[in-house]
Amino acid sequence: MAKRSELEKCHPAPTPLTRLVDKEECPKDDSLQHKKMMEDLYPYRTVLGKMLYACHSRPELRLATSQWARVGINPGVEHHNMIKRGVRYLMGTKTMGAIYGRFKSENNDPYVLCDANHGSGSISGIIGFCGGAAYAARSWKQKNINLYSFGSEQVALCDAVKLAIWTKEVAIDMGLPPRGPIRVYDDSQALIKAATTDVSSTKTRHLRNRMAWVKDMIKEGRVELIFVGTKDNVADALTKPLPRESFKILRDQMLGITEVTCRAENMRTDRENTLAYMEGATHGEDDEDKPDCKVAMLLRAATQIEDDNNDDRE
């Protein structure tokens, strides 16, 4: 790509994209002669194809490639400069790639994150994680225009649940069934409430079919919705261009260079959840008779035994 772009000795770019593509910048002349002339000026579609292939191991490029592909038929000079920035970004990070298995956890089940950027053309972003890095990622412009950001989030959530269901079926076929429902993370508390309850409003009625299907998947125990803060939502990097520092943090989580924040903070094991409940519970005589407290005490004793065994081995 660098050779075709004549950027073999270029200065690297910190991010692949600084703004979204504007189709109004496409040349007014869409004749075959003009398109051939522009292709001779710069092999835009050839470089784009190579970028799309690189996305298999570089999921952070999904937003950029989806934007560049929107003008693949008749790109202009501005679009040439935009995709050249992507080449410069790859030149500066050519040794990077997805790393699996760096971070160990008791719960290695796959999980999915989703987000949406509301606007005149809302952009959805979903990304699936397994083994500490992304195994699937997608970024695309929604076909329908929603009046509220809530609607854009619903469309993204529905597609994220589809990915989660597909992931679970593949894992079962491989003989590695997940231990529970696939967790889907979203940064909209209102959306999670609407999907897990029977609450309805004027903002959700026009998307009732999507929400009805999502609710069915939750009731069947196939997926579970969990809230994640916007700063910790890795899918945010697939919905809009981010500043270099924010992009770098989320990119490193996608590639498995650093641990995914929502995984470290929110995906606690059942044992940790029960012990956390025990820490916050009152310790009266009546509390000891509660089933939850009894389970917590048993788990605490089991933890102590494990710690003693580890000390003996050392």
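Glu78 is partly exposed, at 41% relative accessibility. Here buried means under 20% relative accessible area, exposed over 50%, and partly exposed in between, with a 1.4 Å probe and protein chains only. Its side chain meets that of Arg19 in a salt bridge, 3.8 Å from N to O. I count a salt bridge when a side-chain nitrogen of Lys or Arg is within 4 Å of a carboxyl oxygen of Asp or Glu. Glu78 lies in helix α5 and Arg19 in the loop between α1 (2-5) and α2 (32-41), so this pair ties together parts that are 59 residues apart in sequence. Arg19 is also partly exposed, with a relative accessible area of 31%.

Before I go on, the ground rules. This is a predicted model: local features need pLDDT of at least 70 and side-chain atom pairs count only at pLDDT 80 or more, while totals for chains, interfaces and linings use all residues. Residues are numbered from 1 along each chain as its sequence is written, and side-chain values use heavy atoms, with hydrogens and water left out.

Back to salt bridges. The structure holds 11 of them. Lys240 forms one with Asp236, where the closest N and O atoms are 2.3 Å apart. Lys240 is partly exposed at 28% relative accessibility, whereas Asp236 is buried at 8%. Salt bridges with shared partners also join Arg19, Glu25 and Glu78 into one network. Another pair is Lys36 and Asp40, whose side chains meet at 3.4 Å, N to O. These two are 4 residues apart in helix α2, so about one helical turn separates them. Both Lys36 and Asp40 are exposed.

Now the overall picture. The protein has 12 helices and 5 strands; these are DSSP runs numbered from the N terminus, helices being H or I of at least four residues and strands E of at least two. Of its 314 residues, 44% count as buried. Among contacts with a separation of 6 or more, 74% come from residues 24 or more positions apart, contact meaning heavy atoms within 4.5 Å. The protein exposes about 17300 Å², and carbon and sulfur atoms supply 52% of that. The areas come from the Shrake-Rupley method with a 1.4 Å probe, and for residues only the protein chains shown count as cover.

Which residues have the most contacts inside the largest nonpolar core? They are Trp68, Leu113, Ile127, Phe129 and Val234, in a core of 43 residues. By nonpolar core I mean a set of buried Ala, Val, Leu, Ile, Met, Phe, Trp, Tyr and Cys residues joined through side-chain atoms within 4.5 Å. Elements that give two or more residues to this core include α5 (77-92), β1 (111-117), β2 (123-130), β3 (133-141) and α9 (244-254). A second, separate core has 23 residues, including Leu157, Leu163, Val184 and Met211. In general, nonpolar side chains in soluble globular proteins tend to be buried together.

Take Phe129 as one example. Leaving aside neighbours within four places in sequence, Phe129 is in contact with residues including Pro110, Leu113, Tyr135, Val234 and Val260.

Ala235 is in the loop between β5 (223-227) and α9, and is buried with a relative accessible area of 0%. Not counting residues up to four places away in sequence, Ala235 touches Leu113, Cys114, Asp115, Gly125 and Ile127. Its C-alpha atom is separated by 9.9 Å from that of Arg251, which is 16 residues away along the chain.

On to the strands. β2 and β3 pair in the antiparallel sense over 8 bridges; two strands pair if DSSP finds at least two bridges between them. Ser124 has Trp140 in β3 as its bridge partner. The hairpin of β2 and β3 has 2 residues between the strands, and in it Gly131 takes a positive phi near 75°.

Another loop, between β4 (182-186) and α7 (189-196), holds Ser188. Ser188 counts as buried at 13% relative accessibility. Beyond its neighbours within four places in sequence, Ser188 is in contact with Glu153 and Phe227. Ser188 and Gly229 are 41 residues apart in sequence, with 8.5 Å from C-alpha to C-alpha.

Last, the surface. Trp166, Val170, Met174 and Leu176 form a nonpolar patch with about 440 Å² of accessible area together. Patches are made of residues with over 30% relative accessible area and no salt bridge; like charges are joined within 9 Å, and nonpolar side chains (Val, Leu, Ile, Met, Phe, Trp, Tyr) within 5 Å. Val170 sits in helix α6 (residues 149-173) and is partly exposed at 30% relative accessibility.
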